[in-house]
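Please consult the sequence and the structure shown below.

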Amino acid sequence: MNKPLTTVRLGCGAGFSSDRLGPAVDLAQRGALDYLVFECLGERTMAFGHRDRMLNPARGFNPQLGARMRGVLAHCHANGTKIITNMGVANPRAAALLVVDIARELGLHGLKVACVEGDDVTHLIGPDTAFMDHPGAVKDVGLRMVGANVYMGAEALLPALQAGADVVIAGRVADPTLFLSPLVHRFGWALDDWTALGRGTLAGHLMECGMQITGGYFADPGYKDVPRLADCGFPIAEVQQDGSFVITKLADTGGCVTPATVKEQLLYEVHDPAAYLTPDVTANFRGVSVTEVGPDRVHLSGGDGSVRPDKLKVTIGFDGGFLGEGGVSYAGPNARARAELAAGVVRERLTRINQLGGDLRIDLIGLNSLHQTAEVPASESADIRLHVALRSTEREDVDMMLWEVESLLCCGPAGGGGYRGQVTPCVVTHSALIDRNRVSPTFEVFTA
Amino acid sequence: MSHRLIHDIAHARAGDKGNISNVSVWVYDPKDYPLLKRTLTADRIKAAFPKLFTGSVTRYEMDDLHGLNFVMLDALEGGVNTSLNLDSHGKSFSYLILGLPIEE
């Protein structure tokens with residue numbers, strides 16, 4: 001058991017699956033952290049993990065796991081920093097074994113690596129499982145289910161922390177839980193101390209997206225300037241026993257921590273600020289005070305919580321076929337008319353001549369694309385890119401669309417250039433609820 | 001003055017869950033918060049983009065922190081599963097709302 005602490009220092013080493021590595025290494029090296037957390041599992045990333053695992057039973061975890069661990073493991077070991085991550089995705093056991101191998105390569109013998117399982121509830125999902133976010137049930141989707149995972153809470157991670165694991169690798173747990181669990185472990189918070197759990201969840205929620213609180217995803221030149229954005233640092237939370245905390249970053253990194261960066265993240269992906277649901281607590285972000293207490297130091301206090309939900313959210317993933325995207329650009333005099341003609345030609349050939357299935361969308365980038373459905377007035381640009389997107393379960397349809405777009409180079413309007421095309425695999429996800437008592441987290445520790 | 005945008009007095013961030021979008025909007029200067037509350041109502045957002053925000057729009061007020069949170073149901077052209085919008089997460093909706101003019 002660790003001695004009681006007055007402050008626990010948490011760092012975030014990744015806020016999404018493709019996040020940067022260098023700033024995580026900086027934190028491992030110089031952050032004086034108790035825990036370094038990597039949050040790498042978006043809503044849909046899990047379904048891709050299931051697909052990878054079906055193709056190769058030794059895969060299905062985050063593809064950057066090896067690179068990340070090679071970057072931070074020796075520093076964390078030297079500094080007494082423990083690592084918590086959901087990079088196990090659909091295969092936490094294989095991920096843990098990889099980390100054990102890397103630890104041995106690095107000479108870190110005795111390092112304890114835990115995998116946490118129990119989130120894969122595919123066996124509990126049947127054709128009649130009803131969705132919570134969408135009318136209908138699994139059988140109505142008409143696509144192959146690849147797997148289903150439940151959002152587990154602190155109860156899933158605590159046993160591995162109590163067993164003294166240096167690295168804890170999970171699949172699906174709620175993102176704030178990755179940060180809340182070490183606080184519960186170190187401070188001895190009860191799992192029904194809703195105020196403490198609400199505040200720890202607030203800290204986790206603010207930290208889980210990495211640089212989104214240190215100046216990343218914030219800069220708007222002339223309005224919200226961020227110093228040295230290219231060198232932006234990942235965040236640190238200095239948390240006290242009462243659940244209040246300071247958000248900061250390493251002093252020599254780029255970016256900024258201000259009340260404004262904190263507030264934008266406070267309600268990121270939040271609906272009712274008084275009822276942020278996680279497996280651990282119904283957190284209440286009302287009444288939180290946000291105070292600048294120094295350069296790149298923002299203090300948060302207040303916040304509360306109430307009883308946790310009885311049911312847990314499950315994300316069910318389906319194979320969604322393919323997304324094809326192809327484009328050609330038009331610039332200079334009359335570019336808009338030429339691009340619009342190209343769009344008409346593509347639409348006509350795909351529907352009338354090829355009788356293509358699937359969902360088709362054509363955008364004119366530079367004129368109106370992201371906000372086309374919002375019907376924002378078109379810009380006056382004379383540099384316009386035709387962008388054609390088609391999603392289909394049939395690969396042949398997607399390939400045919402790309403061929404039609406590329407054929408514009410010789411067969412379309414004058415002056416088109418710069419064809420590019422790509423095909424990416426798609427997944428479809430839906431959510432359902434299951435009773436908490438049907439979920440049984442387990443863990444196993446491997447020693448390097 | 002009549003051409004000032006919300007962008008001149010406030011900053012914003014968008015998030016998504018399924019087919020639901022939320023955009024939080026925060027004034028730079030607390031003095032502008034009453035103006036923001038007056039000009040940026042849920043009804044106005046729904047009315048400005050009826051083809052995009054096809055479901056209900058709810059506004060949550062964070063008076064202590066001088067911000068508003070808008071939650072738009074059925075707002076993401078089916079959500080990331082089916083939307084063919086380049087920005088299928090609606091990340092750019094923050095600037096869609098900031099681009100509205102202030103009604104002084």
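Helices, of at least four residues, and strands, of at least two, are DSSP runs numbered from the N terminus. On that basis, chain A contains 10 helices and 18 strands. The model is predicted.

**Overall fold of chain A**

- The radius of gyration of chain A is 24 Å, close to the 22 Å that the globule rule gives for 448 residues, so the chain is as compact as a globular protein of that length.
- Taken along the principal axes, the box filled by the C-alpha atoms of chain A is roughly 75 × 55 × 45 Å.
- Buried residues make up 52% of the 448 residues of chain A.
- When contacts between residues at least 6 apart in sequence are considered, 75% of those in chain A join residues at least 24 apart.

**Helix α10 of chain A**

- Helix α10 covers residues 395-411; at 1.5 Å a residue, its 17 residues should span 24 Å, which agrees with the 24 Å between its end C-alpha atoms.
- The buried residues of α10(A) are Asp397(A), Val398(A), Met401(A), Leu402(A), Glu404(A), Val405(A) and Leu408(A).
- Viewed down the axis of α10(A), these buried residues fall within an arc of 150 degrees, so they line one face of the helix.
- An α-helix has 3.6 residues a turn, so residues three or four places apart point the same way.

- Elements covering the buried residues of α10(A) include β14 (311-331), α9 (335-353), β16 (383-392) and β17 (417-435) of chain A.
- Exposed residues Glu396(A), Leu409(A), Cys410(A) and Cys411(A) lie on the face of α10(A) turned away from its buried side.

Definitions and conventions:
Residues numbered from 1 in each chain as written. Chains lettered and ligands numbered in written order. Predicted model: local features only at pLDDT ≥ 70, side-chain atom pairs only at ≥ 80, totals over all residues. Rg over C-alpha atoms; globule rule 2.2 N^0.38 Å. Buried ≥ 20, exposed ≤ 12 C-beta atoms within 10 Å, placed from the backbone. Contact = placed C-beta atoms within 7 Å. Expected span 1.5 Å × (residues − 1). Arc of directions from axis to C-beta.
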